[in-house]
Amino acid sequence: MAASIISLSVLALLTIHCSFVNSSPISSVHQVNEKLFSANAAETVSRLHRLQQNKNVAKNVILFLGDGMSISTVAMARVYAGGVEKQLAFERFPYIGMSKTYNVDYQVPDSAGTVTAYLTGVKGNYGTIGVNAQVKAFDCQAELDNRTHTHSIAKWAMDAGKDAGFVTTTRVTHASPAGVYAHTANRDRENDNEVSKDGCDKDLVQDIAHQLVHGDTGKRLKVIMGGGRREFLHKDLDPETEKTGKRKDKRNLIDEWLNLAGEGENRTYVWNRDDLMAVDPKATDRLMGLFEPSHCVYNLNRIRDNLHQEPTLAEMVDKATDVLRKNENGFFLFVEGGLIDRGHHDTWARMALDETVEFSKAIQLAREKFPEEDTLIVVTSDHSHAVSFAGFPGRTDDIFGSAGTADDQLPYMTISYGNGLGFYDHVDAGVSRGRVDIRRLDTTQNEFRFPATLPLESETHGGEDVAVYASGPWSHLFTGSYEQNTIPHMMAYALCVGDGLTACK
C-alpha cells in the first residue's frame, strides 16, 4: 500500500509541474527540490513503460551522421545549448544503442572506412571507400575488380523503386558522402588530378566527382547538396569564384550532370541560398546544390560574416525531402553534419559544438515533418574524437571557460584535446615550457584553439564507441552494442530493401 501511495504522490507532482513534464529535464533553479527529481524519474519510467514497438514497414529512412560526434561532444553541446539538463532533438528518440567503429586494419578509424561500414554493411580498410578489405589503401589495381565493390543502402533503395539522395556540410566528394555512391582505394581522389598524383591510370581509375556524375549509383541520385564545386571544374571554370577548380581534364562535370537529363526531365543546379529557396520541388526531378568551392562555411562564421547566400543544414534537408517525398514508394536520404568533425580537427571546440546544435535542428525538422508511423530516422556518428569534457566546472559555468585551478596554480579549461594545434597556443615556447595563462588569451573567438596535450597539425579521432539513436519503424532494433556495419542492415530490414533479411520476408 505504501508503494501505491508514493506512486500516486509522484503522479500528482507530474500533474502539478506540467511545464516540467513537457520538458523532462530539471533546471538548475529547481535542482534542490528533491520531489522534482522523484517526479522526473517517475515520468521517465512511465514514458519507457508506454513504449510500443513500431513494426510497420518503413516507407522512408533518413540517416543523420554527425561526423566526429562523440558522446562527450553531445554532452558539451547540451551545455552550449542552454545547460546540462537540456536535450538535443535526437536525445528524445526512444531507442539508443552503441556502435563499434574500428576499421579492419586500424583500432581508431577514419571517415572512409567507417562510411563503408554504416552505409554498405561491410567493414573496410582505413582510407578506402565502398570496397571490401581485400582492397588496401592506394591500391589502384585492386579497386578495379568489381567483385571488391560494396554498395550502399542508397543503391538498395533505388533498386527497390525508391528515390535517394544526400546532403552534407562538407564537399559532396568528401569521405562520408562519397560512401553513398563511390568505390575507391583512396578517399583523396576527389578529382582527376588526385588520381594522377597516386600514379593511377586515369583512363581506368575514375575520380570520386566523376563517379558521382557518371557512376552507376551516383547518376541515379535525385538530390546532391553540399560544398565542393572545385572538384567538378577546371581551374578557370568556376563562375562564382575565380580559379578554384581542381580538375586538369578541362571538363565541367556540373554541365555534364545537367546534360544527362532525359526527355522531359527537369534538372536544377543551384549554388546559393536564394536559388535553393526558389526551387519548386514539384517541378524539379533532380537537384544539385554546390554552395562553396570546398566545404560549407561554419554556421558561426556564416552569422558573423553575414554570409546569407549559404543555406543552413536544416534548409538543405527541408528542400531535399520536398524533392524526394514525391516518390510514392518512399526514399532514403543521407544527411551529414560534417563540420562537427572539421571543428574538432582544428581544436575549435566552439565551432564543433555549434555545428552539433545545427545538426540537431535539422533532425528536429525532419522528425516533425515525417510521421513516426512510416519514417525511420537514425542518428549516429562515424567515430569519436580526442576531446575531453573534464574538471569540476560549476553547474552554470561557461562550457568554454575554466574548470578549476591546476597544481601549477594556473586555471585550466573545461574542454581540452589529447592532441592537435591547440598545443602551440597553450604551451609557453620559452625555456620553462610551462602552460600559458588562459586569462591572457581571448577565448571568445570562433577560431580560438582549445588546449591540446601533444602537438599535431590535425587533432586525431578517438576509438571509443559512438551512440546510435533511432525513432520510427523498427527503431527498437537499434539497441545494445553492435558492429557499425550492422546499421545499414537494420535500416534495410525496416525499409524492406536489399538482399538480406527484411521485415517483408
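**Entry 1: a loop residue**

I began in the loop between α12 (299-304) and α13 (313-324), where Asn-306 lies. I looked up its backbone angle: Asn-306 is not a glycine, yet its phi is positive, at about 55°. Most residues other than glycine have a negative phi. Is Asn-306 buried or exposed? I found Asn-306 exposed, with a relative accessible area of 51%. The cut-off for exposed is over 50%.

**Entry 2: another positive phi**

I went on to Cys-496, which lies in the segment after α17. Cys-496 also is not a glycine, and I read a positive phi near 60° for it.

**Entry 3: confidence**

I note that I am working on a predicted model. I looked up the mean pLDDT of the protein and got 92. I also see that 92% of the residues reach 70 or more. Over residues 1-23, however, the pLDDT is below 50. Beyond near neighbours in sequence, I count 16 contacts for this stretch in the model.

**Entry 4: helix α5**

Next I took α5, residues 111-120. How many of its residues are buried? The count is 10 of 10, and I list the helix as mostly covered. Ser-111 and Thr-120 are among the buried residues, and so are Val-115, Tyr-118 and Leu-119. Gly-113 is also on that buried list.

What do the buried residues of α5 pack against? I found three strands among the partners: β1 (60-66), β7 (331-337) and β15 (461-462). The helices there are α6 (153-159), α7 (175-178) and α17 (487-495).

I then checked the residue just after α5. Gly-121 takes a positive phi of about 85°.

**Entry 5: the whole protein**

I logged 17 helices and 17 strands. The C-alpha atoms fill a box of roughly 75 × 65 × 45 Å along the principal axes. Why do I call the radius of gyration in agreement with a compact globule? With 505 residues, such a globule would have a radius near 23 Å, and the protein has 24 Å.

I find 56% of the 505 residues buried. Among contacts between residues at least 6 apart in sequence, 71% join residues at least 24 apart.

**Entry 6: surface and charge**

The accessible surface comes to about 21,400 Å². Carbon and sulfur atoms own 51% of that surface. Last, I looked up the charges: 52 positive and 68 negative. Their mean positions are 3 Å apart.

Technical notes. Residues numbered from 1 in each chain as written. Predicted model: local features only at pLDDT ≥ 70, side-chain atom pairs only at ≥ 80, totals over all residues. Heavy atoms only, no water. pLDDT = per-residue confidence, 0-100. Contact = heavy atoms within 4.5 Å. Helix = DSSP H or I, 4+ residues; strand = E, 2+ residues; numbered from the N terminus. Rg over C-alpha atoms; globule rule 2.2 N^0.38 Å. Buried < 20%, exposed > 50% of the residue type's maximum accessible area, 1.4 Å probe, protein only. Areas by Shrake-Rupley, 256 points an atom, 1.4 Å probe, with all protein chains shown as cover. Lys, Arg positive; Asp, Glu negative; His and termini not counted. Charge placed at Lys NZ, Arg CZ, Asp CG, Glu CD.
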